[in-house]
Amino acid sequence: MKRIFIALPVPDKISANLLPLQTGLEEGRFSPPQNFHITLRFIGDMQENDIADLDEELGKIEFPQFEISLSGIGFFGGEKPHSIHALVNQTRQINSLHEKVDNICNKLGFEKDHKKYIPHVTLAYMKLNSPLPPVLEYQSNHALFKSKTWIADRFFLYSSTIGNGPSFYNIEAEYPLKTIEK
């Protein structure tokens, strides 16, 4: 069994721009830059044969490269925040790619994700029962954050190993996006 998710990588130059945001939140456990990604679909624990089927189907996706950028800070958990993230500027392309990946997962019988898709890069996980005011202050302090634009040129099938520290992500397969004709 492997814990599986599908995501766009975040280039090193963009990860370097996120590092200055990883301070000033005592209740937060910051993610290491090698873990920065934009999830297209989280699946969870899978058997090897199911991973092979998923890999085969994902390999059939034909999708053009597209521009992507980050802007602003958000968090999940409402009154009980559990994670802080940089928001992806929503585009038709990222939503369409998510939909293609999601449709494949649904076709293969994986449990549906009923949450609204909010593309993001997780910066920190909050300690259990973290208070909301410091999160709101952090969000306000970084409200003007914007990254440079980059080209999403591939996505990955990742496995995740959870330990005592940050999770370790391993690339199981790579799926290039079509080059943009100029």
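A residue is called buried when its relative accessible area is under 20%, exposed when it is over 50%, and partly exposed in between (1.4 Å probe, protein chains only). This is a predicted model, in which local features need pLDDT of at least 70 and side-chain atom pairs count only at pLDDT 80 or more, while totals for chains, interfaces and linings use all residues. Residues are numbered from 1 along each chain as its sequence is written, and side-chain values use heavy atoms, with hydrogens and water left out.

**Strands S5 and S6**
- Strands are DSSP runs of E with at least two residues, and helices are runs of H or I with at least four, numbered from the N terminus.
- Five of the seven residues of strand S5 (residues 70-76) are buried.
- Strand S5 is antiparallel to strand S6 (residues 83-88), and five bridges join them; two strands pair if DSSP finds at least two bridges between them.
- Leu70 has Val88 in S6 as its bridge partner.
- Six residues separate S5 from S6 in this hairpin, and Gly77 in the turn has a positive phi of about 115 degrees.

**Aromatic pairs**
- The whole structure holds six aromatic pairs, that is, rings of Phe, Tyr and Trp (its six-membered ring) with centres within 6.5 Å; planes under 30 degrees apart count as stacked, over 60 as edge-to-face and the rest as tilted.
- Phe5 and Tyr158 are stacked, because their ring centres are 4.9 Å apart and their planes lie at 15 degrees.
- Phe5 belongs to strand S1 (residues 2-9) and Tyr158 to strand S9 (residues 154-161), so the pair ties together parts that are 153 residues apart in sequence.
- Phe5 is buried because its relative accessibility is 4%.
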